[in-house]
Amino acid sequence: MRRIPALILLSILLTACVPQWKLIDESSNRIETEKFSFTAPPGWIQIQLDNQVVLTVDGPGLQKISVKYLEHEKAFPNLERKSNPEMLPSELADLYIAEMRKSDANGLPSFKLSSNTPLVIDGNEGFQIHASYTIKNGLKYQHIVSGFTAEKGITVIEYVAPGLHYFDRHQAVYEQLLNGFRQKS
């Protein structure tokens, strides 16, 4: 009988440790982490996990913007490769594309690269790739990845949504976030 209060307390404590989705409003739309900051769209929700922030308005399966910082040693876990601060943006993009392909159990057989172009993000030379793929149920997704390398790691900003309706609807939000992105040292 004494175990029940202890189990309830343990349950409450564990729930408090789990990251929670938070609504973004006008007063809380500047997202600050140890590695970066950006302005998020009011009305969306966000969750922060270590050095990654994920945003969505209708659910991550319908549209998702993620901003993440990866240390060089952990940049490409599926490829078992590292990045380094001297990498050219094109090299970083090629490795990220390979990582995306390898991260799917089936190797994303439907993966199609539409573009791979240079992009400057907060004064850093980087890349932007635009790709598409189709999942098992036939739904086609559009995926934009922008990134750059810094002294201690890489920063990657992604937008993914079904191409049918959601992608075009929220692409401007992604571009605004990208334009307001600031890297911290």
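I started at Ser-37 and looked up its bridge partner in β11, which is Arg-182. Strand here means a DSSP run of E of at least two residues, and helix a run of H or I of at least four, both numbered from the N terminus.

This is a predicted model, where local features need pLDDT of at least 70, side-chain atom pairs count only at pLDDT 80 or more, and totals for chains, interfaces and linings use all residues. Residues are numbered from 1 along each chain as its sequence is written, and side-chain values use heavy atoms, with hydrogens and water left out.

Next I looked at the strands. β3 (residues 36–39) pairs with β11 in the antiparallel sense over 2 bridges; two strands pair if DSSP finds at least two bridges between them. I found 3 strands in an open antiparallel sheet, in the order β2-β3-β11. β2 (30–32) and β11 (182–183) are at the edges with a single partner strand each, so one side of each has no neighbour in the sheet.

Then I searched the whole structure for aromatic pairs and got 8. Rings of Phe, Tyr and Trp (its six-membered ring) pair if their centres lie within 6.5 Å; planes under 30 degrees apart are stacked, over 60 edge-to-face, the rest tilted. Phe-76 and Tyr-96 are edge-to-face, at 6.4 Å centre to centre and 70 degrees between the planes. Phe-76 lies in the loop between β6 (64–71) and α2 (89–103), and Tyr-96 in helix α2, 20 residues apart.

I checked burial (buried is under 20% relative accessible area, exposed over 50%, partly exposed in between; 1.4 Å probe, protein chains only). Phe-76 is buried at 1%, and Tyr-96 is buried at 6%.
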